[in-house]
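Dear colleague,

I am handing over the structure below, and would be glad if you could look through it before reading my notes.

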Amino acid sequence: MGGKWEVAWVTGASTGIGRELALQLARDGVKVAASSRGAPTLQSLAGEHLAIHSYPLDVTDAAAVEQGVADIEAATGPIDLAILNAGIGARLDPQRFDIAAIRSAFETNYMGVVHGLAAVLPRMIKRGRGHIAMTASIAGYRGMPRMGAYAPTKAALISLAECLRADLAGFGVQVSIINPGFIDTPMTRQNTAPMPFMLKADDAAKRIIAGLKRGKFEIAFPWQLALTGKLLKVLPYPLYFWSLGTFMSGKKR
């Protein structure tokens, strides 16, 4: 079960879900170290609550992340909860196969989390306590059209969380994976495709914090998209690709 945290570190905290998580945790009495690449937006966020402290860093820079965690713990104390949330969106057109877009998505969405883990996990293991949460996506359940740069990064995070959940069972460190559907954020506002069951970022943050407090491994929402994604996971390939062709592109393949 999740407990009371004293210090939380949130990456990708300048906008969207990360920003709301920082604010809601601070209002709940948690000291929050907020990180992102955008120093001005972080400073603005820190100005909204005394319990939020700004630590600008780029999660793709392993050395910067390591130094950032050292600075946070020196200033605020041990990190009880690390929410590795930084991420970028990416679409992939098969007719313009963009290697740079794929590399950028993996460097931020996957390696950014790996860098965070490398910095905070040894400290938590040494203390015998801590909670790590990684933000993936329902899009990571199974491959989807035009998501070849984004969905694989989230699928990799889900697999990594499953591995770590098993590996860390005896070390006192909890692991959670966060799988949201469509959330109203600057990233999704660039999307022109249909986005059913969209939630506000503050609603998403409430669901995430509630799930973390309960010690859940997977926190997936909204339930309609999560259930659809889980059903797609168990379909054999012929049915799965038929479903994509019928319901997502409007024609059978």
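Predicted model: local features only at pLDDT ≥ 70, side-chain atom pairs only at ≥ 80, totals over all residues.

Residues are numbered from 1 along each chain as its sequence is written, and side-chain values use heavy atoms, with hydrogens and water left out.

Helix H4 (residues 99–127) packs against helix H5 (residues 151–167) at an angle of about 20°, their axes being 8 Å apart, which makes H4 roughly parallel to H5 (angles under 35 degrees count as such). Contact, meaning heavy atoms within 4.5 Å, involves residues of H4 including Phe106, Tyr110 and Leu117, and residues of H5 including Pro152, Lys154 and Leu164.

The whole structure contains three aromatic pairs (ring centres within 6.5 Å; planes under 30 degrees apart are stacked, over 60 edge-to-face and the rest tilted). Phe106 and Tyr110 have ring centres 6.4 Å apart and planes at 65°, so this pair is edge-to-face; the two residues, four apart in helix H4, are separated by about one helical turn. Tyr240 and Phe241 form a tilted pair, at 5.0 Å centre to centre and with 55° between the planes. Tyr240 is buried at 2% relative accessibility, whereas Phe241, at 46%, is partly exposed (buried means under 20% relative accessible area, exposed over 50%, partly exposed in between, with a 1.4 Å probe and protein chains only). Ring pairs also join Tyr237, Tyr240 and Phe241 into a cluster.

Technical notes: Axes fitted to C-alpha atoms, helices over the stretch in contact; angles between N-to-C directions. Parallel < 35°, antiparallel > 145°, perpendicular 65-115°, else oblique. Phe/Tyr/Trp six-rings, centres within 6.5 Å; stacked < 30°, edge-to-face > 60°.
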